[in-house]
Amino acid sequence: MDIVFTSSVPTVWSFGLYLHLGRVRRQRATARAIDPPQAFCKMFGAFMVFFGLTPLLLGCAMAVERCRGITQSLQHSAVVTTAHVRLCLLLLFTVACTFAALPLLGVGSYKLQFPGTWCFLPVRGSLSTADVSLALAFSGLGLVALAVSVFCNTVSGLTLLQARCSNQDLKQTTSRRHRSSSPLQSLDMEMMAQLAVINVVSCVCWSPFLIYITISVRQFFKGHFRSDEEYDKPLLLALRMASWNQILDPWVYILLRRAVLCRVCSLLQPKRAILSQNNSCIGLERQEIRLH
C-alpha cells in the first residue's frame with residue numbers, strides 16, 4: 001500500500017504544478033483567469049479520484065486480512081492464498097479505475113477547483129444527477145472503507161492485548177527472562193502501537209474531506225447555496241489533510257518499531273536503562289566465571 005501512496009504523489013504533484021504555472025501565465029497575459037483545457041482537467045480529476053480511492057480500498061483490504069490472520073490464524077493460510085490476493089488486488093484496482101473513468105465516458109464531469117491548481121468531481125453549484133451520484137458514491141465508499149479499516153484494526157489490537165495479558169499471567173512466575181524483559185521488546189506491542197496510530201492518522205486525515213464532500217453535495221442539491229469563499233477554503237484544507245495521510249503512513253511503520261520505542265524509553269528513563277545494562281553486564285561476568 002505504501003508503494004501505491006508514494007508512486008501516486010509525484011504524478012499528482014506534476015499535474016498540480018502544471019496547472020499552477022499555466023494559471024500564472026494566463027493571468028499575466030490577460031486580466032482574468034481562464035480555465036485550462038478540459039481534456040487536461042478530466043485527466044487530472046481521474047488521477048485524483050483513482051489515487052484517492054485506491055489507498056482507502058487497499059487499507060481496508062489489508063486491515064481485513066490482518067484481522068483474519070490474528071483472530072483466525074489457523075484458517076488464514078488456507079483462505080488467504082496468493083491467487084486470492086492477486087484477485088482481490090485486481091478487483092480493487094478495477095473498481096477504482098472504473099469509478100475514475102466514468103466522467104471520461106460522459107457519466108458526470110470533472111471541474112477545476114479553488115485555487116485553480118486541481119480538478120475533482122463537482123460538489124457545488126448546478127449539479128446534475130450523475131455529478132451528485134458520483135460525489136456521494138466517492139465519499140460513501142471512502143467512509144465505508146475507512147470505517148471497516150478502523151473496526152478491523154481495533155479488533156486486531158484488542159485481540160493482541162488480550163493474548164498478551166493472558167501470556168503474562170501464565171508466565172509471570174515461571175520465566176525469569178520474561179520478567180526482566182521490557183514489554184516494548186515484544187512484537188505484539190509494536191503492532192498494537194502501529195494499529196492505534198494508523199487508526200488515528202486515517203481518521204484525522206481522511207474524515208474531514210469525505211464528510212465535507214457529503215455535506216456540501218447535500219446542501220447544494222437541496223438548494224442551500226453558500227458563498228464561494230465559505231466553501232472553497234474548507235475544502236482545500238480538507239484536501240491538504242487527506243494528502244498528509246500518504247506522508248504519515250510510512251513514518252508510522254518507521255518510527256513505531258521496537259528498536260525506536262526502546263530507545264525512546266531509555267531516554268525517558270535513563271536510570272532504568274543503566275540498571276538493566278548493569279544487570280546484563282553482571283550476567284555476562286557470571287557466565288565467564290562458570291566457563292573458567
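This presentation describes the elements, links and surface of one protein chain.

Good morning, colleagues. The structure is a predicted model, in which local features need pLDDT of at least 70 and side-chain atom pairs count only at pLDDT 80 or more, while totals for chains, interfaces and linings use all residues. Residues are numbered from 1 along each chain as its sequence is written, and side-chain values use heavy atoms, with hydrogens and water left out.

Let me begin with the overall plan. The protein has 10 helices and two strands; helices (H or I, at least four residues) and strands (E, at least two) are DSSP runs numbered from the N terminus. In order from the N terminus, the elements read α-α-α-α-β-β-α-α-α-α-α-α. Of the 292 residues in the protein, 35% are buried. Here, buried means under 20% relative accessible area, exposed means over 50%, and partly exposed lies in between, with a 1.4 Å probe and protein chains only.

I turn now to helix α4. This helix covers residues 82-101, has 20 residues, and spans 28 Å from its first C-alpha to its last, close to the 28 Å expected at 1.5 Å a residue. The expected span is 1.5 Å times one less than the number of residues. Which residues of α4 are buried? They are Leu 92, Ala 96, Phe 99 and Ala 100. Seen down the axis of α4, these buried residues fall within an arc of 105 degrees, so they line one face of the helix. The arc is taken from the directions between the helix axis and the C-beta atoms. As a general point, an α-helix has 3.6 residues a turn, so residues three or four places apart point the same way. On the face of α4 turned away from the buried side are the exposed residues Ala 83, Arg 86, Leu 87, Leu 90 and Leu 91.

The end of this helix also leads us to α2. Met 43 lies in helix α2, residues 38-71, and is partly exposed at a relative accessible area of 39%.

Next, the cysteines. How many disulfides does the model contain? The count comes to one disulfide, a disulfide being a pair of cysteine sulfur atoms within 2.5 Å. The partners are Cys 41 and Cys 119, with their sulfur atoms 2.2 Å apart. Cys 41 lies in helix α2 and Cys 119 in strand β2 (residues 118-120), so the pair ties together parts that are 78 residues apart in sequence. The torsion about the S-S bond is about -120 degrees, so this disulfide is left-handed. Cys 41 is buried at a relative accessible area of 2%, and Cys 119 is buried at 0%. Cys 205, by contrast, is in no disulfide; the nearest cysteine sulfur, that of Cys 203, is 9.6 Å away. Cys 205 is buried too, with a relative accessible area of 5%.

Between the two strands there is a further feature. A cis peptide bond, with omega about 5 degrees, joins Phe 114 and Pro 115. Pro 115 is found in the loop between β1 (111-113) and β2.

I come now to charged side chains. In general, side chains of opposite charge can pair when their charged atoms come close. The model has one salt bridge, defined as a side-chain nitrogen of Lys or Arg within 4 Å of a carboxyl oxygen of Asp or Glu. It joins Asp 232 to Arg 124, whose closest N and O atoms are 3.4 Å apart. Asp 232 lies in helix α8 and Arg 124 in the loop between β2 and α5 (129-171), so the pair ties together parts that are 108 residues apart in sequence. Asp 232 counts as buried, at 9% relative accessibility.

Phe 220, in helix α7 (residues 187-221), is buried at 5% relative accessibility. Arg 257 sits in the loop between α8 and α9 (258-268) and is partly exposed at 41%. Arg 257 and Gln 194 are 8.4 Å apart, C-alpha to C-alpha, and 63 residues apart in sequence.

Finally, Trp 251 is found in helix α8, residues 228-255, and counts as partly exposed at 47% relative accessibility. Thank you for your attention.
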